[in-house]
Amino acid sequence: MSSSTTRKALIVVDPISTGANLAQLLFDRGHSVVRVFSDGCPEKVKKHTPAGLTVEFIATVEHSGDLQATVAAMLALGLEFEACFVGCETGVMFTDLLANALGLPGNKIEYSELRRNKFLQTEAVRAAGLPAAHQALVNRAEQVEEFLTVSTATLMEGASFKAVVKPVDGAGSDGVSICDSPEDVRRAFSALSGSTNVLGLQNNGVLLQEYLRGDEFVVDTVSRNGVHKCVALWVYDKRWVSDDAPVVYYGMRCLQVEDDFAKYSGMIGYVFGVLNAIKLTHGA
């Protein structure tokens, strides 16, 4: 049992981009914050923090791939850790490992890949009996042709061809192509395969998916002990700017659920089902 005088602290793994804002929020609320960089976080990405942040980390630990060494370095700080948060996509899998190793609340490590790999996410959703997009994870040209054969054969009469090509473990809209023809899919696959994404990871697998027509909504949630709460609901305005920037954010609008309760509550319920399918029990 820890001493009552032991300093309590929170851990944020890869506190970059919006994760840096999370660290700032925790710091502003009076918490001591330890910064941990995962081995999946490239050096250049560590600098991606908003200007003007004033958070003062009480310690920084670099994980080099040896979990036992990192845990030993954390314990040597002499702190009582209360929670471990992930700040960026690069730290999703390591956050699970670290929380588990430190005995903190977290998501089960045997399902970590479901929460990072977009192909596995969608297959888990499908296996749970929820609607999911037709997709294929490919790394060879002949696999692209197999996807195109199925996609063109299942087109509704009069419908135009459309498909999405994206990194399997990317973030945001990086590397995403909206393709209007089979030839566009082939070109996008060739350009993406083997390239390096915005997180500094190599795109060894390329995800091909059917294009889902309609507005894009985002349901922000937070979960604890498997209980999910919806904290915000948004509709995105994304537009084509050029062939190199086909899905640029023009804006987003926060919605009121009561404006169309049946539609929005159904959407929120679907997302909760997705969270259960990918075994997300803790976190945003």
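Mentor: A residue counts as buried under 20% relative accessible area, as exposed over 50%, and as partly exposed in between, with a 1.4 Å probe and protein chains only. This is a predicted model, in which local features need pLDDT of at least 70 and side-chain atom pairs count only at pLDDT 80 or more, while totals for chains, interfaces and linings use all residues. Residues are numbered from 1 along each chain as its sequence is written, and side-chain values use heavy atoms, with hydrogens and water left out.

Trainee: Is Gln 143 buried or exposed?

Mentor: Gln 143 has 19% relative accessibility, so it counts as buried. Gln 143 lies in helix H5. Helices (H or I, at least four residues) and strands (E, at least two) are DSSP runs, numbered from the N terminus.

Trainee: Which residues is Gln 143 in contact with, leaving aside its neighbours within four places in sequence?

Mentor: Contact means heavy atoms within 4.5 Å. With those neighbours set aside, Gln 143 is in contact with Leu 137 and Val 138.

Trainee: How is the packing of two helices described?

Mentor: The angle between their axes and the distance between the axes describe two packed helices. Axes are lines fitted to C-alpha atoms, for helices over the stretch in contact, and angles run from 0 to 180 degrees between N-to-C directions. Angles under 35 degrees count as roughly parallel, over 145 as roughly antiparallel, 65 to 115 as roughly perpendicular, and the rest as oblique. Here, the axes of helix H5 (residues 141-153) and helix H6 (residues 182-192) come within 11 Å and cross at roughly 150 degrees. H5 is therefore roughly antiparallel to H6.

Trainee: Which residues of H5 and H6 meet?

Mentor: From H5 there are Ala 141, Val 144, Glu 145, Leu 148 and Thr 152, and these meet Pro 182, Val 185, Arg 186 and Phe 189 of H6. The residues of this contact between H5 and H6 divide into six nonpolar, one polar and two charged. Ala, Val, Leu, Ile, Met, Phe, Trp, Tyr, Cys and Pro count as nonpolar, Asp, Glu, Lys and Arg as charged, and the others, Gly among them, as polar.

Trainee: At what angle do H2 and H3 pack?

Mentor: Helix H2 (residues 67-75) and helix H3 (residues 92-102) pack at about 60 degrees, and their axes are 11 Å apart. H2 and H3 are therefore oblique to each other. Leu 67, Thr 70, Val 71, Met 74 and Leu 75 of H2 make the contact with Phe 94, Leu 97, Leu 98, Ala 101 and Leu 102 of H3. This contact of H2 with H3 has nine nonpolar residues, one polar and no charged.

Trainee: Where is Phe 217 placed?

Mentor: Phe 217 is in strand S9 (residues 216-224). At 23% relative accessibility, Phe 217 counts as partly exposed. Phe 217 and Cys 254 are 37 residues apart in sequence, and their C-alpha atoms are 9.8 Å apart in space.

Trainee: Which residue in the loop between S9 and strand S10 has its place given?

Mentor: Asn 225 is in the loop between S9 and strand S10 (227-239). Asn 225 has a positive phi of about 55 degrees, although it is not a glycine. Its relative accessibility is 58%, so Asn 225 counts as exposed.

Trainee: How many helices and strands does the protein chain have?

Mentor: The protein chain has seven helices and eleven strands. Of its 284 residues, 39% count as buried.
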